[in-house]
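Good morning, colleagues. Please look at the sequence and the structure on the screen while I take you through a few local features.

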Amino acid sequence: MSALIADSVDPTLKERLEKLGIKVDYRPGISREELVKIINRYSILVFRGRLKIDREIIDAGRSLKILARYGVGLDNVDVEYAVKRGISVVSAPNSPTRSVAELTIALIFSVARRVTLFDRKVKAGEWPKGKYIGMELAGKTLGIVGFGRIGKAVAQLARGLDMKILASDVIDVAKEVEKVGGRQVPLEDLLRESDVVSIHVPLTPQTYRLLDAERLSLLRDGAILVNTSRGEVIDHEALLRHIDRLWGVGLDVLPEEPPKSPYLKQLIEHEKVVVTPHVGSETYEAMKRLADELAMNLEEVISRLGL
Ligand SMILES: O=C(O)[C@H](O)COP(=O)(O)O
């Protein structure tokens, strides 16, 4: 069997696959055009969120048996079509949790205390002491939209900061939320009642623009909004219209990565916005766990399929 790793991954993944007798080619950053040309040589494709794994790629992969997502989000994969073609899809959904939760807290602090703004100004020779007074998090209400693995991990960290917890989800998670001292509420109530709102939902047709113009208008004046899930869950043009009345926004994800549209550039250049380039799971610890979890899941599928 042969595998193509199309994105940068922890080096232990290649070693683990080779131990299973798989011939591995490591081509991080390979272009889509090149991938379409050579994918027919491989039975396993390992990838991240950069490339859209659509019908064109799946059809070109005539020997493909397994699509292996080094990560959690499968929104860039036409899973239905792959399965129809008899291709298994595996991922590593548990590994990024803690790292994404920690980045979420980092973004909340950065926005609340203007960390990156101060950093830029001091490096530019200014000393803006007394110019931007911060917001303390203790006692504030954190609204967590989507109480899955990551939402739960964020709640646990926020509890240590003495924040009050609200959560919304499409399923009944009331008992889970109560375990961290919080309360499940409808999304609209959460948006109205939270000082900090953090989004932790997968991108699906149901969550596309979950925070549309109408819901964004429910956010309190002076609220913080943080998104480490997928950019497409927020209407950023509408967000730009609200930015002046909010305390600030922290974004690890954007609907265009990297951003190109003028409205998006205008938003991220705003001094109330802190932005990182989709690095939620990019820690040494999470990358190593991703390699272990994905290799384990691949091994299981390989033996189940008798490959
Ligand atoms: O879905 C994920 O695993 C994260 O968003 C990370 O995506 P990436 O592997 O494209 O960085």
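I shall speak about the ligand site, then an aromatic pair, and then some backbone details.

A word on the source first. This is a predicted model, in which local features need pLDDT of at least 70, side-chain atom pairs count only at pLDDT 80 or more, and totals for chains, interfaces and linings use all residues. Residues are numbered from 1 along each chain as its sequence is written, and side-chain values use heavy atoms, with hydrogens and water left out.

Let us begin with the record. UniProt, in an unreviewed entry, places the feature "domain: D-isomer specific 2-hydroxyacid dehydrogenase catalytic" at residues 4-303. Such annotations may be inferred rather than shown by experiment; positions are given in the numbering used here and feature names are shortened. In the model, this span is 38% helix and 15% strand, and its end C-alpha atoms lie 19 Å apart. Helices (H or I, at least four residues) and strands (E, at least two) are DSSP runs, numbered from the N terminus.

Which residues are around the ligand? They are Arg48, Gly49, Arg69, Tyr70, Gly71, Val72, Gly73, Arg230, His278 and Ser281, where a residue counts as near if one of its heavy atoms lies within 4 Å. This shell divides into three charged, five polar and two nonpolar residues. In that scheme Ala, Val, Leu, Ile, Met, Phe, Trp, Tyr, Cys and Pro are nonpolar, Asp, Glu, Lys and Arg are charged, and the others, Gly among them, are polar.

Arginine 48 places a polar side-chain atom 2.8 Å from an oxygen atom of the ligand. For arginine 230, a polar side-chain atom likewise lies 2.8 Å from a ligand oxygen atom.

I turn to the aromatic rings. The structure holds one aromatic pair, with ring centres required to lie within 6.5 Å and planes under 30 degrees apart called stacked, over 60 edge-to-face, and the rest tilted. Phenylalanine 118 and tyrosine 132 form this edge-to-face pair, at 5.8 Å centre to centre and 80° between the planes. Phenylalanine 118 belongs to helix H6 (residues 115-123) and tyrosine 132 to the loop between H6 and strand S6 (141-145), so the pair ties together parts 14 residues apart in sequence. Are the two partners buried or exposed? Phenylalanine 118 is partly exposed at 24% relative accessibility, while tyrosine 132 is buried at 17%. Buried means under 20% relative accessible area, exposed over 50%, and partly exposed in between, with a 1.4 Å probe and protein chains only.

Finally, the backbone. Most residues other than glycine have a negative phi, and most peptide bonds are trans. Glutamate 257 and proline 258 are joined by a cis peptide bond, with omega about -5°. Proline 258 lies in the loop between strand S11 (248-251) and helix H12 (262-269).

Aspartate 162 has a positive phi, near 65°, and sits in the loop between helix H7 (149-159) and strand S7 (164-168). Aspartate 162 is exposed, at 54%. Arginine 209 also has a positive phi, near 50°, and is partly exposed, at 32%.

Note on methods:
Polar contact = N/O pair within 3.5 Å; in protein donor to acceptor, adjacent residues only side chain to side chain. Phe/Tyr/Trp six-rings, centres within 6.5 Å; stacked < 30°, edge-to-face > 60°.
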